[in-house]
Amino acid sequence: MSKENIVFRSLPITPHRPLLPGFAPALGTTLLWTGLLVALPLSALALRPWEHGPGAMLHVLTGDRVRAALALSFGAAALAATIALGLGLVLAWALARGPRSGPLAAVRRGLDLLIDLPFALPTAVSGIALATLYGPRGWFGAPLHELGIDIAYTRAGIEVALVFVSLPFAVRAVEPVLAALPAAREEAAESLGATHLQVLARIVLPALRPALLAAYALAFARALGEYGSVIFIAGNMPGRSEIAPLLIVIRLQEFDEASAAAIGLLMLLGAALCLAALSAARRALR
Amino acid sequence: MNLEIDSISLDYGAGRGLDAVGFTVAPGEFVALVGPSGAGKTTLLRIIGGLARASAGHVRRDGVDLGSLPARRRNIGFVFQDYALFPHLSVAGNVAFGLKVRPRRLRPSRAERRARVAELLALVQVAELAEARPATLSGGQSQRVALARALATDPSLLLLDEPFGALDPLVRRDIRVWLRALQQRLGLTTVMVTHDRQEAMEIADRVAVLRGGKLLQIDTPAVLEAAPADAFVMRFLGETLEFPGRVEAGVFTPVSSAIAPFAAPPGRAGEAVALIRPWQVRLSPAPDGAQIDETHPAGAFHRISLTLPGTGAAFEILSPAELPTPARGQRMRIELLTPRLFTPKGEPIR
């Protein structure tokens, strides 16, 4: 066969052939719903505070009460997310590595169910329950009060509520990744002479870093926006234990919608900044 | 280093586990554990390495019981099936791991570690990959890195779990030859698990055949071939042809008249089956012989398909390529050159 007889023919390629069937309607629907559900309300929030001019906006935000509330909200959320991450890692470990058979397996399964309950519980219910438990006459509150430690109606109370609601996010972000880690890596490390602590620090935790960051981001976001459970246990002293979401509600009740929106906008920007930083850190780890 | 496996048992339930497996590995010896899946090969390897606990029996190194010594204190190099490299560390970081986790007073300095890593990577011929991440390595490279990592702590014993399992067949052969040469150069006592019988026969000094948690036979490849402990071992270790017949007065008479009778051990009588490798036969023309159906060249052999008269049983033999190939339709008598006889239950007749 001569060379001329060989004909290379490529398959016909239609220009702009979509990779996914129904790509256009899928993209359209996605954009429409994201626009209606997310972008529109957020833009409204971004525009609303400026109606009395930048001066009025600045005035709202430089107030001591607002500054204290914002600092408390972000600080408390960061601390709560840190605590939730530590506890969440231990809980995720118990769930992922716990016994699959024998009497302790039932304990593991029970734990698995319990973890998700804060997801489903109305936050006001959690708040009231926690306030009762940690209140001066509560089961935990009374003995702690004897020792001179007050939880309810202090900043510590805020942390307790925030950790309670954000813990499941931390656990559920870490657990599947932990469960999927190949056991052989840890065994390899052990056979090379590593102690359990070294295996944890040098093999397991590095592999979990992206998941831990995601867990922190989720827990932080949840804690930052939390309102219902906190107001029952926080005491809500302006400038001391008043969180920003509560201040927004107070401003709304005073019909000062512009101020409420201004605080809301600031929270939104702060949250976006924190989440973007965490997401950048996660990408850097890849 | 002398390794002694002394009647190791492990009860997993459901017929899995190990049943009083025992053998010794001489210093510098390369032993391969083979057997069908579920035979307990990997379990035994993990027990030797301290990654699993036996319910009975002992593992001794130079006479010292390793007992409940944890894996990290055994100083045994373990190469895992899919290498189990640490993805967040560079190749050099992986190899240095065993040195880095040592207690401070035993830990080599940074410069010493670097020198040792360079030496090991050169030994396994991947010196240029020191800074690479495991995810970017090919299967063969990962395998070499895993080996270097296992060798870094100067282990007294090397354990390999299906070390060639994830490699493509071409690389597989090369790396097998290379590994064997390296093992002999280092004089390192080695135990390897594989499901590939051919691999085991080619690389190991001795091969241990396991089945259902029991050790059936441990011998050199030559002895395993010449005197398999039972029919299963013979069948497991290679392609096998089987011809039923009877042993009577020191002669094995096959059921098919196309197979030539041959001398059997005296003093045994009854049903028997002759097992043979497809290349251990010779054909000679005979009117009542097996019919040639087809012939194909196959490397140094011709692959010849035959049908036995009477039973109609079809099978293939390998005939040296230098011998004349019989024509299709021709009838040939089959002489078994080195048959091994077994009872119908699979026990050897010797």
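Modeller: Residues are numbered from 1 along each chain as its sequence is written, while chains are lettered from A and ligands numbered from 1 in the order in which they are written. In this predicted model local features need pLDDT of at least 70, side-chain atom pairs count only at pLDDT 80 or more, and totals for chains, interfaces and linings use all residues.

Biologist: Why is A:Cys274 called partly exposed?

Modeller: A residue is buried if 20 or more other C-beta atoms, placed from the backbone, lie within 10 Å of its own, exposed if 12 or fewer, and partly exposed in between. A:Cys274 has 19 other C-beta atoms within 10 Å, so A:Cys274 is partly exposed.

Biologist: Where does A:Cys274 sit?

Modeller: In helix α12 of chain A, residues 257-285. Helices are DSSP runs of H or I, at least four residues, and strands are runs of E, at least two, numbered from the N terminus.

Biologist: Which residues of helix α8 of chain A are buried?

Modeller: Among them are A:Arg185, A:Glu187 and A:Ala188. Their cover includes α9 (196-225) of chain A, and α1, β6 and α2 of chain B.

Biologist: What follows α8(A)?

Modeller: A:Gly193, with a positive phi near 105 degrees.

Biologist: What makes up the secondary structure of chain B?

Modeller: Eight helices and 19 strands. Of its 350 residues, 39% are buried.

Biologist: How many contacts in chain B join residues at least 24 apart?

Modeller: Two residues are in contact if their C-beta atoms, placed from the backbone, lie within 7 Å. Among contacts in chain B between residues at least 6 apart in sequence, that share is 64%.
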